[in-house]
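Let's work through this protein together, one question at a time. Have a look at the structure first, and then we'll dig in.

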Amino acid sequence: MTMRDTDRALVQAATAVAKLRCRSDNHTVAAAARTVDGRVFTGVNVYHFTGGPCAEVVAVGAAATQGAGELETIVAVGDRGRGVIPPCGRCRQVLLDYFPSIRVIVGPADALRAVPVAELLPTEYVWADHQIDAGVGIPAPREGTAG
Ligand SMILES: [Zn+2]
């Protein structure tokens, strides 16, 4: 898929945050996400050995904090001039479950492209399907039991 002007602007936004905010081992990747109505939200990873979130997840949370709706496109950029980096497996799953039609910008600097997240996760596991199939969800409280 070809890059739109708004995609290039999103890469620039993530690159700017990476340069400005990723200056320690705690924060090494910046992400920028755009909503369908054109708002852009950014975030940096929160590295911690207990499993701190990736920049993409932080950007998703920042967007949710501001009441953003559907995210249309997302990109992550590494510190120290590493450029665009692809999302890890966990982020691919999160993005697919939250925004099934989101586009993810990947590829080398001279050949960036925006691809549907499903393309990055072939034969994907669909969490929502599992929820329906298994009949799980918020369990109904049982009478006479605590918690
Ligand atoms: Zn990740």
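Q: Where does arginine 80 lie, and what is its phi?
A: Before we go on, this is a predicted model, where local features need pLDDT of at least 70 and side-chain atom pairs count only at pLDDT 80 or more, while totals for chains, interfaces and linings use all residues. Residues are numbered from 1 along each chain as its sequence is written. Arginine 80 sits in the loop between strand 3 and strand 4 (83-85). Although arginine 80 is not a glycine, its phi is positive, at about 50°.

Q: In what order do the elements of the protein run?
A: Helices (H or I, at least four residues) and strands (E, at least two) are DSSP runs, numbered from the N terminus. The protein has four helices and six strands. Starting at the N terminus, they go α-β-β-α-β-β-α-β-β-α.

Q: Which residues of helix 3 are buried, and why do they line one face?
A: In helix 3 (residues 89-98), the buried ones are Cys91, Leu95 and Leu96. Look down the axis of helix 3 and take the directions from that axis to the C-beta atoms. The buried residues line one face because they fall within an arc of 135°.

Q: What do the buried residues of helix 3 pack against?
A: Here we need contacts: two residues are in contact if their C-beta atoms, placed from the backbone, lie within 7 Å. By that test, the partners of the buried residues in helix 3 are helix 2 (55-65), strand 3 (71-78) and strand 5 (103-106).

Q: How are helix 2 and helix 3 arranged, roughly parallel or roughly antiparallel?
A: Axes are lines fitted to C-alpha atoms, for helices over the stretch in contact, and angles run from 0 to 180 degrees between N-to-C directions. The axes of helix 2 and helix 3 come within 9 Å and cross at roughly 30°. Angles under 35 degrees count as roughly parallel, over 145 as roughly antiparallel, 65 to 115 as roughly perpendicular and the rest as oblique. That makes the pair helix 2 and helix 3 roughly parallel.

Q: Which residues of helix 3 do Glu56, Val57 and Val60 in helix 2 meet?
A: These three residues of helix 2 take part in its contact with helix 3. Their partners in helix 3 are Cys91, Val94, Leu95 and Tyr98.

Q: Which residues of helix 2 are buried, and what covers them?
A: The buried residues are Ala55, Glu56, Val57, Val58, Ala59, Val60 and Ala63. Their cover includes strand 1 (29-35), strand 2 (40-44), strand 3 and helix 3.

Q: Is proline 87 buried or exposed, and which residues does it touch?
A: Proline 87 is found in the loop between strand 4 and helix 3. With 25 other C-beta atoms within 10 Å, proline 87 is buried. Leaving out residues up to four places away in sequence, proline 87 touches Glu56, Ala76, Arg92, Leu95 and Val104.

Q: How far apart in space are proline 87 and leucine 120?
A: In sequence, proline 87 and leucine 120 are 33 residues apart. In space, C-alpha to C-alpha, the separation is 8.9 Å.

Technical notes:
A residue is buried if 20 or more other C-beta atoms lie within 10 Å of its own, exposed if 12 or fewer, and partly exposed in between; C-beta atoms are placed from the backbone.
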